[in-house]
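Subject: Structure for you to look through

Dear colleague,

I am handing over the structure that I have been going through, and my notes follow below it. Please keep it open while you read.

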Amino acid sequence: MLSLHSARTRTGHAGDARIGLAVAGGGPIGAMYELGALRALDEACDGLDLTRLDCYVAVSSGAFLAAGLVNGMGTAQLCRIFITDDSLDVHFRPETFLRPALMEYLHRLGAAPRLLTALARDLVLGRGDSRWSDLLTRLGGLVPTGMFDNAGIERFLREVFTRGGRSNDFRTLAHPLYVIAVDLDSGEAVRFGGAGWDDVPISRAVQASAALPGLYSPVELRGRHFVDGALRRTMHASVVLDRGVDLMLGINPLVPFNPGRRGDPQLDRRIASGGLPVVLSQTFRTLLQSRMQVGLARYAQQYPDIDQMVFEPNAADGDLFFTNVFSFAARRRIGDLAYRNTLADLRERADVVGPILAAHGIHLRPEILADRERSILDGLGPAPRHSDTTVRLQRALDDVEHRIAGRRHRTRHA
């Protein structure tokens, strides 16, 4: 599903277009959907280099991908890391994301004797307006703040971004990257990579942004506790739009399930019969997408001269909705679903999308769009063998080639 706003007026030249990317969260399955959508854009759009955009903003699991792209890791390499597992550079282990937060459990358990003693004393002495409500409030302090330990996520990212010519420092990136998290104590959104927060390692920023309450414990930085950036906004696209880009590309993997008239009545009943997790998932998705739709409508009014494209799943994709958010076994299937959905959006609306992209020096590849059976893996090819030295050299050569191409374009249009 593609949401589109065409700019009222365009002042820049195609070769000088400034392009920004906004990527929302959605857990591991959401990240796989986003990767599939990014891979489709990469293959279908000639002239679009997702590793050299002018600005990136990302939330939660989307920050994994954005941080990789701005570090020169293309969609093919990301697919090899997270989908096919045949990357010769980075070895991804799904269990990294699913390790129990043992230290958190022990910390809460250690506080039990003191808390229960104080609770018993207060109940006996009759303190508190309501003994039952006081009991529930006090016992809440024994519940862990997260099921899983996210320290392994930070270690994995730190290892990836400190070799192969990549950087774990916002300040040394070739293009701006902003990772959004929320200060748990104040409810304020914090922009890692922005002024005052650009010295925080990228790996720590992503860890904080992906700390979904209930699943991962809050991440402490500078004495403050941070959680998932989606608690404030779904995609934080305004961060990109405020930088004066000409084209904003956005990806949001979470939409509420709605089979419509073509749906199976059994699926409707499965939402309620699925229990609390499924009901909460539908509720959470509905809130996120509703909030984002309001934001997109406002952005169209506030930034009328910026082309805006946001790609989302189809609401009737029950396969996506009913897949466990932590089901790494489904990552190839979900990535392929996103890949084909995005190609279908581009193909079905090519008459509108094509001219908009062309205004920014990007052209749709008809041979890619025409292949309805194409898979996310078809264009990958064998995994290249590169050492850290050759990776840096290849990136430097690509930079030179990119600058030469830009100068040639400016000379032709001077």
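Among contacts in the protein chain between residues at least 6 apart in sequence, 79% link residues at least 24 apart, where contact means heavy atoms within 4.5 Å. This is a predicted model, in which local features need pLDDT of at least 70 and side-chain atom pairs count only at pLDDT 80 or more, while totals for chains, interfaces and linings use all residues. Residues are numbered from 1 along each chain as its sequence is written, and side-chain values use heavy atoms, with hydrogens and water left out.

The protein chain has 16 helices and 13 strands; both are DSSP runs numbered from the N terminus, helices being H or I with at least four residues and strands E with at least two. Of its 414 residues, 49% count as buried, a word that stands for under 20% relative accessible area, with exposed meaning over 50% and partly exposed in between (1.4 Å probe, protein chains only).

Helix packing comes next. Two packed helices are described by the angle between their axes and the distance between the axes. Here the axes are lines fitted to C-alpha atoms, for helices over the stretch in contact, and angles run from 0 to 180 degrees between N-to-C directions. Angles under 35 degrees count as roughly parallel, over 145 as roughly antiparallel, 65 to 115 as roughly perpendicular and the rest as oblique.

Helix α1 (residues 27-44) packs with helix α13 (residues 331-348) at about 45 degrees, their axes lying 7 Å apart, and the two are therefore oblique to each other. The residues that make this contact include Ile29, Met32 and Tyr33 of α1 and Arg331, Ile334 and Gly335 of α13. By class, the contact of α1 with α13 has 13 nonpolar, 4 polar and 3 charged residues, where Ala, Val, Leu, Ile, Met, Phe, Trp, Tyr, Cys and Pro count as nonpolar, Asp, Glu, Lys and Arg as charged, and the others, Gly among them, as polar.

With helix α3 (residues 75-84), the axis of α1 comes within 10 Å and crosses at roughly 150 degrees, so α1 and α3 are roughly antiparallel to each other. Met32, Leu35, Leu38, Arg39 and Asp42 in α1 meet Thr75, Ala76, Leu78, Cys79, Phe82 and Ile83 in α3. That contact has 8 nonpolar, 1 polar and 2 charged residues.

Cys79 is buried, with a relative accessible area of 0%, and Cys55 is also buried, at 0%. The count of disulfides comes to 0, a disulfide being a pair of cysteine sulfur atoms within 2.5 Å. In helix α2 (residues 62-70), 9 of the 9 residues are buried, so this helix is largely enclosed by the rest of the structure.

Some backbone angles deserve a look too. Most residues other than glycine have a negative phi. Asp85, although not a glycine, has a positive phi of about 60 degrees; it lies in the loop between α3 and α4 (102-110) and is partly exposed, with a relative accessible area of 42%. His236 likewise has a positive phi, near 55 degrees, and sits in the loop between β10 (224-228) and α9 (238-241), but His236 counts as buried at 6% relative accessibility.

Finally, Pro213 is in the loop between α8 (202-209) and β8 (214-216). Leaving aside neighbours within four places in sequence, Pro213 is in contact with Val227, Asp228 and Leu231.

With best wishes
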